[in-house]
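Please look over the model shown here before reading on.

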Amino acid sequence: MADNLTTATAMTKNARISPYKVRQVLELIRGKSAEKAVTILKFSDKKAARMILKVLNSAMANAEHNYGMDLDKLYVAEAFANQGPMMKRFRPVSMGRAHPYVHKTSHITVTLGERHQEEKK
């Protein structure tokens with residue numbers, strides 16, 4: 001991604017899904033045009049796809065409203081998921097004991113750039 005180009009970013013924090021599961025879906029849309037990415041996410045069966053679609057739509061709205069970018073030229077410049085805070089819980093087991101487990105959370109970030117004619121694929 002070039003530094004001198006305008007980019008629009010959207011993120012969600014503390015999404016209640018493991019970052020590993022989110023990264024599997026992000027691989028599908030990275031580098032694609034925004035319209036194609038929306039189509040891919042709409043037809044995906046994964047829970048992460050619904051969450052990423054919300055972030056992608058927000059980034060597209062930011063690009064159009066805040067930066068005046070053309071929606072037809074947008075592409076997914078960056079898409080990544082980082083580990084968020086883990087919720088630690090305990091589950092009762094036999095003989096009065098407790099076993100710990102964690103609910104993982106994610107910070108999902110999508111950055112859109114504007115593709116120029118010479119870059120079009």
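This is a predicted model: local features need pLDDT of at least 70, side-chain atom pairs count only at pLDDT 80 or more; totals for chains, interfaces and linings use all residues.

## Helix 1

Start with the buried side of helix 1. It is made up of Pro19, Val22, Val25, Leu26 and Ile29. Viewed down the axis of helix 1, these buried residues fall within an arc of 125°, so they line one face of the helix. The opposite side looks outward: Tyr20 and Glu27 are exposed residues on the face turned away from the buried one.

What covers the buried residues of helix 1? The cover includes helix 2, helix 3, strand 2 and strand 5. Helix 1 spans residues 19-29, helix 3 spans 47-67 and strand 2 spans 74-83. Strand 5 runs over residues 106-114.

After helix 1 comes Gly31. The phi of Gly31 is positive, near 90°.

## Helix 2

Helix 2 covers residues 34-42, and its buried residues are Ala34, Ala37, Val38 and Leu41. Down the axis of helix 2, they fall within an arc of 100°, so they too line one face of their helix. Helix 1, helix 3 and strand 2 are among the elements that cover them.

## How the helices cross

The table sets out their geometry.

| Pair | Axis distance | Angle | Handedness |
|---|---|---|---|
| Helix 1 and helix 2 | within 9 Å | roughly 140° | right-handed |
| Helix 1 and helix 3 | 9 Å | about 60° | right-handed |

Take helix 1 and helix 2. Their axes cross at roughly 140°. On the helix 1 side, the contact is made by Val25, Leu28 and Ile29. On the helix 2 side, Ala37, Ile40 and Leu41 make the contact.

Now take helix 1 and helix 3. These two pack at an angle of about 60°. They are therefore oblique to each other.

## Ile52

Is Ile52 buried or exposed? Ile52 counts as buried because its relative accessibility is 0%, and a residue is buried when under 20%. Ile52 lies in helix 3.

Leaving out residues up to four places away in sequence, Ile52 touches Val22, Val25, Leu26, Ile29, Leu41 and Ile108. Leu41 is one of the buried residues of helix 2. Ile52 and Leu26 are 26 residues apart in sequence. Their C-alpha atoms are 7.8 Å apart in space.

## Thr9 and Thr111

Next, a pair of threonines. Thr9 is in strand 1, and Thr111 is in strand 5. Their side chains make a polar contact at 3.3 Å.

How do the two differ in accessibility? Thr111 is buried, with a relative accessible area of 4%. Thr9 is partly exposed, with a relative accessible area of 41%.

Which residues does Thr9 contact, leaving aside its neighbours within four places in sequence? They are Ala59, Asn62, Thr109, Val110 and Thr111. Thr9 and Val110 are 101 residues apart in sequence. From C-alpha to C-alpha, Thr9 and Val110 are 5.8 Å apart in space.

Asn14 is not a glycine, and its phi is positive, near 60°. Asn14 lies in strand 1, which spans residues 7-15. Asn14 is partly exposed, with a relative accessible area of 46%.

Met95 also has a positive phi, near 60°, in a residue other than glycine. Met95 sits in the loop between strand 3 (87-92) and strand 4 (98-103). At 69% relative accessibility, Met95 counts as exposed, because the cut-off for exposed is over 50%.

Key
Residues are numbered from 1 along each chain as its sequence is written. Side-chain values use heavy atoms; hydrogens and water are left out. Helices (H or I, at least four residues) and strands (E, at least two) are DSSP runs, numbered from the N terminus. Buried means under 20% relative accessible area, exposed over 50%, partly exposed in between (1.4 Å probe, protein chains only). A polar contact is a pair of N or O atoms within 3.5 Å; within protein, one must be able to donate a hydrogen and the other to accept it, and residues adjacent in sequence count only if both atoms are side-chain atoms. The arc is that of the directions from the helix axis to the C-beta atoms. Contact means heavy atoms within 4.5 Å. Axes are lines fitted to C-alpha atoms, for helices over the stretch in contact, and angles run from 0 to 180 degrees between N-to-C directions. A crossing is left-handed if the near helix is turned anticlockwise from the far one by less than a right angle, and right-handed if clockwise. Angles under 35 degrees count as roughly parallel, over 145 as roughly antiparallel, 65 to 115 as roughly perpendicular and the rest as oblique.
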